[in-house]
Structures are given as structure tokens and as C-alpha cells.
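Please keep the structure in view while reading.

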Amino acid sequence: MTPREEWQLDTRHLGKRVLVFDELPSTNSYAAMLAHDPEQHGVAVLAEQQTAGRGQHGRTWQCPAGSGVLLSILLFPPRSLRSVALLTAWASVSVCEVIRKTTGLQAKIKWPNDVLLRGKKVCGILIEQGQGTVAGIGLNVNQSQESFDAAELPFAGSLAAATGHDFSTSEVARRLLAELDAEYERLYQGDFASLETCWKWRVGLLGKRVTAECFDGRRDGRLHDMTFAGLHLAENDGKVAVLQPETVQHLYPEGRPYFPLIEPGSA
């Protein structure tokens with residue numbers, strides 16, 4: 001498959017090469033094909049449409065041609081940056097910042113890898129690790145709320161549905177790559193605290209009673225702290241449990257179950 005065009009962005013780490021395709025089965029799969037060569041660090045793959053996109057836990061990801069940003073980035077990060085929780089936070093906070101700069105609206109993070117705007121899911125993130133690390137981002141930009149309703153996706157949204165007007169997907173993609181690159185540079189220089197602070201605020205559950213759905217069962221309690229090393233949950237017996245982020249499938253306010261989703265749009 002040959003890219004339609006190639007961008008060369010003035011970035012430090014990511015997006016110096018952006019391979020732009022009309023259509024791919026999966027941007028994550030294409031990026032993973034390049035992982036045999038560490039010199040490909042930072043290459044980005046962008047597609048107008050995917051025919052076999054996927055999301056978290058094997059779900060499908062659907063996005064009509066030209067209506068969103070379907071982006072994957074191949075990374076060979078240092079050991080300190082290889083945590084899936086850290087990289088998911090890096091991608092989700094960057095998406096939230098681009099949404100704020102593009103629409104003027106504040107987005108929130110729904111654990112672990114969704115971005116919500118006005119309560120609707122507008123973005124999904126998929127981090128896959130193999131020979132290299134691939135960060136996939138699917139951001140809904142120009143779909144109408146009517147199209148989501150017709151597809152029976154009541155919890156899905158887009159930037160256009162939230163604001164009432166369309167945006168250039170190409171410009172949003174360029175902004176996103178610039179934001180991801182700037183945040184990656186801060187992490188590369190050892191500034192984890194800035195990202196962690198933004199991540200906590202965007203998740204918005206600190207100090208609240210929550211339910212954590214883990215691979216080994218459900219835990220209820222007050223979220224005492226939240227770091228890339230662990231979630232500190234003060235349980236009903238007074239003990240504080242430290243849950244590894246990778247073991248927590250869903251985290252939500254107690255009594256408000258994780259809403260079911262048929263994925264609207266990753267990589």
C-alpha cells in the first residue's frame with residue numbers, strides 16, 4: 001500500500017514523517033509492520049478510512065471516510081516511558097488539549113482510554129506493544145449527532161456534534177501531532193508530574209466514591225490518590241488498596257455503571 005502523500009512536520013520526536021492514506025485496514029497494524037526498524041521511531045500513519053479498525057478489548061471501531069482523525073504512531077520509547085497507563089494518559093490528555101484549543105470546550109477522560117465531550121465519547125485510544133509500541137487514536141470530528149442516532153450509538157459524539165460546525169480533519173490531525181510531540185518531550189525530559197496532574201483532573205474522580213472493575217473482581221471505595229504507579233482506593237473496611245492501573249478495566253462513580261458502547265471510531 002502506497003501513501004497518498006507524506007507530511008514532514010517540524011516536530012522534535014513524533015510526526016517528522018506522516019504517511020497519509022486514503023484507506024487502510026488498520027493504522028495500528030500498518031504502523032506495527034514498520035516496527036522491525038527502530039529508525040522508524042516517531043513515524044505517524046494517518047488514514048481517511050479504515051476497513052478493520054479496532055478498539056480496546058477487541059471491539060470494532062467505525063468511522064465514516066473523512067469524518068475523523070484515524071492516527072497511529074510508532075514509538076521506541078525508553079524504558080521509563082513504556083508503561084501502558086502512562087502512554088494512554090499521554091495520548092488522552094493530548095487529545096483533550098487539542099479539543100480545548102480547537103473548540104474551546106473542556107473534555108474529560110473516562111477510564112481508561114476514552115475521551116468524552118459533553119458526556120459523549122468522541123475518542124478512543126489503543127496502545128499496543130510488540131517489537132515497538134504503537135499508539136492508536138481515533139477522534140470523531142465531523143459526524144452529526146443524527147448519524148450516531150441512526151446507527152444506534154447514543155453515547156457517541158464528535159466535535160461537530162458538540163459545537164454545531166465542522167472542522168478540517170487535516171488541521172486537527174496536525175494539531176494533535178504537535179501536542180503529542182510536545183507532551184512526549186516533557187516526558188522524555190523526566191517531567192511526569194505535569195502529565196499526571198492533568199490526567200487526574202481530566203478523569204475527575206479524586207476524593208469521590210468509585211467502583212473499580214478489575215480483572216479479579218469489583219472493588220468499591222473512595223479514590224484517595226491516582227498515580228501512574230497505582231490507584232489508591234480507601235475501601236469500606238478502612239484499608240487502602242493500591243490497584244495497578246493495568247488491572248483496572250473500568251473506573252466510574254459508585255452506583256453509575258460503565259455505560260455500554262458499540263465503538264464509534266481507533267486504529
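**Helix packing around helix 2**

In this predicted model, helix 2 (residues 84-103) and helix 5 (residues 169-188) have axes that come within 9 Å and cross at roughly 135°. An angle over 145 would count as roughly antiparallel, and the two helices are therefore oblique to each other. Their crossing is right-handed.

- On the side of helix 2, the contact with helix 5 is made by Leu86, Trp90, Ala91, Ser94, Val95, Glu97, Val98, Lys101 and Thr102, while helix 5 contributes Val172, Arg175, Leu176, Glu179, Leu180, Glu183, Tyr184 and Leu187.
- Sorted by class, the residues in the contact of helix 2 with helix 5 are 10 nonpolar, two polar and five charged.
- Helix 2 also meets helix 6, with axes that come within 10 Å and cross at roughly 70°; angles of 65 to 115 degrees count as roughly perpendicular, and helix 2 and helix 6 are therefore placed in that class.
- This contact is made by Leu86, Ala89, Trp90, Val93, Cys96, Glu97 and Arg100 of helix 2, together with Leu195, Cys198, Trp199 and Arg202 of helix 6.
- The class count for the contact of helix 2 with helix 6 is eight nonpolar, no polar and three charged residues.
- Trp90 of helix 2 is listed in the contact with helix 5 and is also listed in the contact with helix 6.

**Aromatic pairs and the cis peptide bond**

- The structure holds five aromatic pairs, and one of them joins tryptophan 111 to tryptophan 199 in a tilted arrangement, with 5.8 Å centre to centre and 40° between the planes.
- That pair links distant parts of the chain, since tryptophan 111 belongs to the loop between strand 5 (108-110) and strand 6 (114-117), whereas tryptophan 199 belongs to helix 6 (residues 193-203), 88 residues apart.
- Are the two partners buried or exposed? Tryptophan 111 is buried, with a relative accessible area of 5%, and tryptophan 199 likewise counts as buried, at 3% relative accessibility.
- Trp90, Tyr184 and Tyr188 form one aromatic cluster, and among its members Trp90 and Tyr184 also take part in the contact of helix 2 with helix 5.
- Most peptide bonds are trans. The bond from tryptophan 111 to proline 112, by contrast, is cis, with omega near 0°, and proline 112 lies in the loop between strand 5 and strand 6.

**Residues with positive phi**

- Most residues other than glycine have a negative phi. Arginine 118, although not a glycine, has a positive phi of about 50°.
- Arginine 118 is placed in the loop between strand 6 and strand 7 (120-129) and counts as exposed, at 60% relative accessibility.
- Glutamate 152 is another residue other than glycine with a positive phi, its value being near 55°.
- Glutamate 152 lies in the loop between helix 3 (145-150) and helix 4, and at 64% relative accessibility this residue counts as exposed.

- Phenylalanine 167 is found in the loop between helix 4 (159-163) and helix 5 and is buried, with a relative accessible area of 15%.
- Not counting residues up to four places away in sequence, phenylalanine 167 touches Thr102, Thr103, Val141, Asn142, Leu159, Ala160 and Val172.
- Phenylalanine 167 and glutamate 185 are 18 residues apart in sequence, and their C-alpha atoms are 27 Å apart in space.
- Asparagine 142 lies in the loop between strand 8 (133-140) and helix 3; leaving aside neighbours within four places in sequence, asparagine 142 is in contact with Ser67, Ser158, Ala160, Asp166, Phe167 and Thr169.
- From asparagine 142 to leucine 251 the C-alpha to C-alpha distance is 28 Å, with the two residues 109 residues apart in sequence.
- Leucine 223, in strand 10 (residues 217-227), is buried, with a relative accessible area of 1%.
- Not counting residues up to four places away in sequence, leucine 223 touches Leu205, Leu206, Gly207, Lys208, Val210, Leu231, His232, Leu233 and Leu251.
- The C-alpha atoms of leucine 223 and phenylalanine 21 are separated by 43 Å, the two residues being 202 residues apart along the chain.

How values were computed: Residues are numbered from 1 along each chain as its sequence is written. This is a predicted model: local features need pLDDT of at least 70, side-chain atom pairs count only at pLDDT 80 or more; totals for chains, interfaces and linings use all residues. Side-chain values use heavy atoms; hydrogens and water are left out. Axes are lines fitted to C-alpha atoms, for helices over the stretch in contact, and angles run from 0 to 180 degrees between N-to-C directions. Helices (H or I, at least four residues) and strands (E, at least two) are DSSP runs, numbered from the N terminus. Angles under 35 degrees count as roughly parallel, over 145 as roughly antiparallel, 65 to 115 as roughly perpendicular and the rest as oblique. A crossing is left-handed if the near helix is turned anticlockwise from the far one by less than a right angle, and right-handed if clockwise. Contact means heavy atoms within 4.5 Å. Ala, Val, Leu, Ile, Met, Phe, Trp, Tyr, Cys and Pro count as nonpolar, Asp, Glu, Lys and Arg as charged, and the others, Gly among them, as polar. Rings of Phe, Tyr and Trp (its six-membered ring) pair if their centres lie within 6.5 Å; planes under 30 degrees apart count as stacked, over 60 as edge-to-face and the rest as tilted. Buried means under 20% relative accessible area, exposed over 50%, partly exposed in between (1.4 Å probe, protein chains only).
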